[in-house]
Amino acid sequence: MSDGRLLQVNVSDGGVPKLPVSAARIASEGVEGDRQREDTVHGGPHRAVSILGIEAIRRVAAEGHPIAPGTTGENLTTEGFDVSGLPVGTRLAIGDDLILELSAPTNPCRTIRHSFRDLRFGRLGVATHPNDSRMYARVISPGTVRAGDPIRLSPPVDDTAQRFTIAWRLDQAERVSSLAFWHAAADAGHDIRILDDGDIAASAAPGLPGPIFNAALGFAELPNLMDRAVDHFNANGVAGWILADEPPWPDATADTALARWAADADAVATQPPLEGVVIRELPRDEIGPWAQVIVAASGMPAEIGRAWQELEPHLARAAHHHRFIAEFDGMPVATGSVHTHRSMGWLRAGSVLPEFRGHGVQRALIAARSDHARRIGCDIIGASTIEGGASARNVERLGFRRVATRRSYPTVPPA
């Protein structure tokens, strides 16, 4: 790794360009004096600082684009190495005290479009131009930095940052999957009040109590915004559940711990056929058995069960959502689905009738859905299981690795 220097420190009161300052203090919440206008997309402790190298800026400018330091919103403009080419987890020691850890590439958004002659801000997209992507960083040790400060690079200390990046991708897949589920319930006529803002999402359903329809996601990456989930639940008069890494208030207690699992799509173990069992994807117009098995296997309250059955026709039409069923001698005995999002396959709704548990049906369904996601272009398969449960053992046996833990924190409705 080559060391370099800090060319420029940039801040703004929101939006771009960010303008140079002589010095700034950087702590876990970000750069002092800087603000993100879209705080559900940028910012938070895991995206506290945005970095771009002058090398990438010069390459893009050479193509005729009006890009310059700060115009695409980076807080720190570096020189002497290609920050975009460094692995997640690389540490940057800047000046006397500051230590940053690269946490993820930064996906560009339309806010920076005027840095490009054709307004095509995708020129900095990590998928198409990985060497020119901006990078996010979290703060390991706070400090004050100045233009000209030396930057000393060191390799990742372990795989924590890499696992966090995978967990973040899984959270995004779960978010869009949950939104599809909630919208299907709303389309079925249920009163579902949805918050969909950047990386966070929440649902409040006054007539459907419980965590299935009253939940909030995306706060593992944005714990600084958990009050928005609480506000959403309170405004709609429901008890809700926040999925997060840390308590939303000091005395909050989680009621469920959820292990997060991931596997390379081509590394999920195959399963031999089970005698008498057929697993198939349901066509969009085959409605009924999928929801019926879920309701029968879960023992959920009657009103929640009816909602599952009523939303199924609408969920069946949702893009990127695929329902599967396992049949024993023609009788539906287990179900599951997989939702695909940006090359991620997210497994959910796995249910097996009690009398057919313990015979490998769930493992076979996990393998079948994973293989389906792989064949349609997914490179990572993810799942969430109750910590220490049978589903956790099954995904681990199939080659999934644990990448994170999310906890479910219940709130209470306003008095």
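Is R5 buried, partly exposed or exposed? At 35% relative accessibility, R5 counts as partly exposed; buried means under 20% relative accessible area, exposed over 50%, and partly exposed in between, with a 1.4 Å probe and protein chains only.

Colleagues, a word on the basis of these values. This is a predicted model, in which local features need pLDDT of at least 70 and side-chain atom pairs count only at pLDDT 80 or more, while totals for chains, interfaces and linings use all residues. Residues are numbered from 1 along each chain as its sequence is written, and side-chain values use heavy atoms, with hydrogens and water left out.

I turn to the salt bridges. The structure holds 27 of them, a salt bridge being a side-chain nitrogen of Lys or Arg within 4 Å of a carboxyl oxygen of Asp or Glu. R5 forms one with E79, at 2.8 Å from N to O. E79 lies in strand β6 (residues 76–79) and R5 in strand β1 (residues 4–11), so this pair ties together parts that are 74 residues apart in sequence. Helices (H or I, at least four residues) and strands (E, at least two) are DSSP runs, numbered from the N terminus.

A second salt bridge joins the side chains of R169 and D379, at 3.4 Å from N to O. Because R169 belongs to helix α2 (residues 160–187) and D379 to the loop between α6 and β21, the pair links parts that are 210 residues apart in sequence. R169 is partly exposed at 25% relative accessibility, and D379 is partly exposed at 38%.

R323 and E312 meet at 2.6 Å, N to O. R323 lies in strand β18 and E312 in helix α5 (residues 302–315), so the two tie together parts that are eleven residues apart in sequence. The relative accessibility of R323 is 2%, which counts as buried; that of E312 is 1%, also buried.

Next, the nonpolar interior. In soluble globular proteins, nonpolar side chains tend to be buried together. A nonpolar core here is a set of buried Ala, Val, Leu, Ile, Met, Phe, Trp, Tyr and Cys residues joined through side-chain atoms within 4.5 Å. The largest such core has 28 residues, of which A326, A334, L347, I381 and F400 touch the most other members. Elements that each supply at least two residues include β18 (321–328), β19 (331–341), β20 (344–352) and β21 (380–386). Helix α6 gives the most, with four residues.

What is F400 in contact with, leaving aside its neighbours within four places in sequence? Its partners are W261, A262, A263, V268, L347, I366, S370, I381, G382 and V395, where contact means heavy atoms within 4.5 Å. Apart from this core lies another, of 27 residues, among them A184, A205, L282 and A307.

Finally, strand β21. Five of its seven residues are buried. Strands β16 and β21 run antiparallel and are joined by seven bridges; two strands pair if DSSP finds at least two bridges between them. In this arrangement D264 stands opposite I380. With β20, β21 pairs in the parallel sense over three bridges, and W346 stands opposite G382 in β21. The chain passes from β20 through α6 to β21 in a right-handed β-α-β crossover: with the strands pointing away from the viewer, the path from the first strand over the helix to the second runs clockwise.
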